[in-house]
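Okay, thanks for coming, everyone. Let me put the model up on the screen and we'll walk through it together.

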Amino acid sequence: MKPIQILLVDDEPLLVETLAERLEIRGISAEWVTTGEAGCNILNHHKFDVAILDINLPGMNGFDLKTQMVRIAPEMKFIFITGHNACSMEHDNPGEKKIITGSTACLTKPVDITVLVEKIREITGAEE
Amino acid sequence: MTETTDAAGVNGLKFFSQMSASISHELKNSLSIINESAGLLEDLSIMAETGKPLDNKRVQQLSASVKRQVKRTGGIIKNMNRFSHLTDDPIKQIEVTDFLRFIIDISRRLTETAGVNVVLSEHEKPLSIVTRPFYLHYLLWRLIQLSIKSAGVTRELTLSPRPDDNGICIVFENHKRFDKISNPPAHGECLQTLLSLLAAKMHINDQERETKVIMTLFVPEAIDLSISAK
């Protein structure tokens with residue numbers, strides 16, 4: 001069976017590199033990039049099942065990135081990761097509140113790898 | 001308390017919250033890297049027990065990564081501590097270049113998230129003033145925010161402190177994106193309060209035909225103690 005394909009987008013390279021390696025160990029194929037722009041570019045020539053996006057990306061926040069990515073890969077699922085304590089995100093600009101809806105999940109940093117893997121399998125409908 | 005200091009207090013608290021949230025976010029990022037590095041070390045160790053050779057080079061890289069993040073976390077906490085103590089002395093002597101370096105450093109995550117690199121052009125001599133440190137930090141942050149809104153293609157904002165006839169001036173210079181710098185009422189009202197508390201003045205040079213916006217903040221050498229803010 002083809003492994004689940006994951007795209008990680010976070011501006012902390014050490015974080016995504018290590019997280020990708022840990023997902024690979026668990027049988028999940030993971031690519032990573034550190035900018036929203038690179039994330040959109042890679043979607044043009046690679047298909048992923050799930051994109052894991054940091055919310056506070058430089059230049060383009062995770063919500064706007066998701067909107068752009070949905071245009072390129074409408075079937076792809078999303079998981080947000082954030083350093084904020086709550087996932088009903090009040091962005092750094094007060095009043096700019098974004099709500100996480102639909103099939104999108106949200107996890108708080110530091111992420112528990114077991115919870116992340118469970119969430120990936122849950123939203124892709126994959127069995128262990 | 002006067003109406004002015006009430007308004008400055010309420011807005012100041014919002015500013016304090018915003019900076020604290022940003023600092024906590026940075027700490028979370030650093031902790032996340034430590035968490036994943038420790039987790040991967042554990043994964044490699046478990047795999048070694050099942051017979052897969054341990055990659056010593058990778059183990060060393062992960063250990064070095066943890067050490068770097070501990071150092072980074074120490075720096076964030078040091079800044080957080082300095083920020084928390086800004087309210088200890090309502091009026092205090094500060095060295096402006098060092099103060100700006102601290103502000104740029106503690107705001108880096110917020111400015112980088114906005115996609116702007118803030119650069120300090122240092123003055124060769126110390127520039128000491130007696131001022132209200134907390135309100136000066138707040139005012140400088142509002143001006144950085146205002147500059148970021150208009151930052152053009154280079155996405156770089158330069159802060160240059162210089163001596164001035166009555167104290168010091170800080171020049172904010174960036175290539176502009178818009179025809180004219182935007183100055184929404186929320187910024188305007190808040191800026192006026194802060195300028196008043198610091199006995200400071202501001203000048204914006206934003207000519208339509210020019211490609212740069214230059215804002216200059218003039219701060220006196222010593223604050224007038226007759227303006228009450230405790």
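I'll start with the sheet in chain A, then go on to the helices and a loop in chain B.

First, the ground rules. This is a predicted model, so to speak of local features we need pLDDT of at least 70, and side-chain atom pairs count only at pLDDT 80 or more, while totals for chains, interfaces and linings use all residues. Residues are numbered from 1 along each chain as its sequence is written, chains are lettered from A and ligands numbered from 1 in the order in which they are written, and side-chain values use heavy atoms, with hydrogens and water left out.

So, chain A. Five strands make an open sheet there, in the order E2-E1-E3-E4-E5, and the pairing is parallel. Which strands stand at the edges? In chain A they are E2 (29-33) and E5 (105-108); each has a single partner strand, so one side of each is left without a neighbour in the sheet. From one strand to the next, the twist averages 20°.

Look at E5's partner. Strand E4 of chain A, residues 77-82, is joined to E5(A) by four bridges, and the two run parallel. A:Ile81 stands opposite A:Leu107 in E5(A).

Now the helices on that sheet. Helix H1 of chain A, residues 13-25, packs on it and touches strand E1 (5-9) and E2 of chain A, with its direction at about 170° to that of E2(A). Contact here means heavy atoms within 4.5 Å, and angles run from 0 to 180 degrees between N-to-C directions, with axes as lines fitted to C-alpha atoms, for helices over the stretch in contact. Helix H4 of chain A, residues 113-124, lies across E1, strand E3 (50-54), E4 and E5 of chain A, at about 155° to E4(A).

One thing to spot in the loop between E5 and H4 of chain A: that's the place of A:Pro110. A cis peptide bond joins A:Lys109 and A:Pro110, with omega about -10°.

Over to chain B, which has six helices and seven strands. Of its 230 residues, 45% count as buried (under 20% relative accessible area; exposed is over 50%, partly exposed in between, with a 1.4 Å probe and protein chains only).

Helix H3 of chain B, residues 96-106, packs against helix H5 of chain B, residues 133-150, at an angle of about 55°, with the axes 11 Å apart. H3(B) meets H5(B) through residues including B:Phe99, B:Leu100 and B:Ile103, with B:Leu136, B:His137 and B:Leu140 among those on the H5(B) side.

H3(B) also packs with helix H2 of chain B, residues 56-84, at about 120°, again with axes 11 Å apart. The H2(B) residues in that contact are B:Asn79, B:Arg82 and B:Phe83, and they meet B:Asp98, B:Phe99, B:Phe102, B:Asp105 and B:Ile106 of H3(B).

Last stop: where is B:Ala199? B:Ala199 is in the loop between helix H6 (185-197) and strand E6 (201-205) of chain B. Its phi is near 50°, a positive value in a residue other than glycine. At 34% relative accessibility, B:Ala199 counts as partly exposed.

Definitions and conventions:
Two strands pair if DSSP finds at least two bridges between them.
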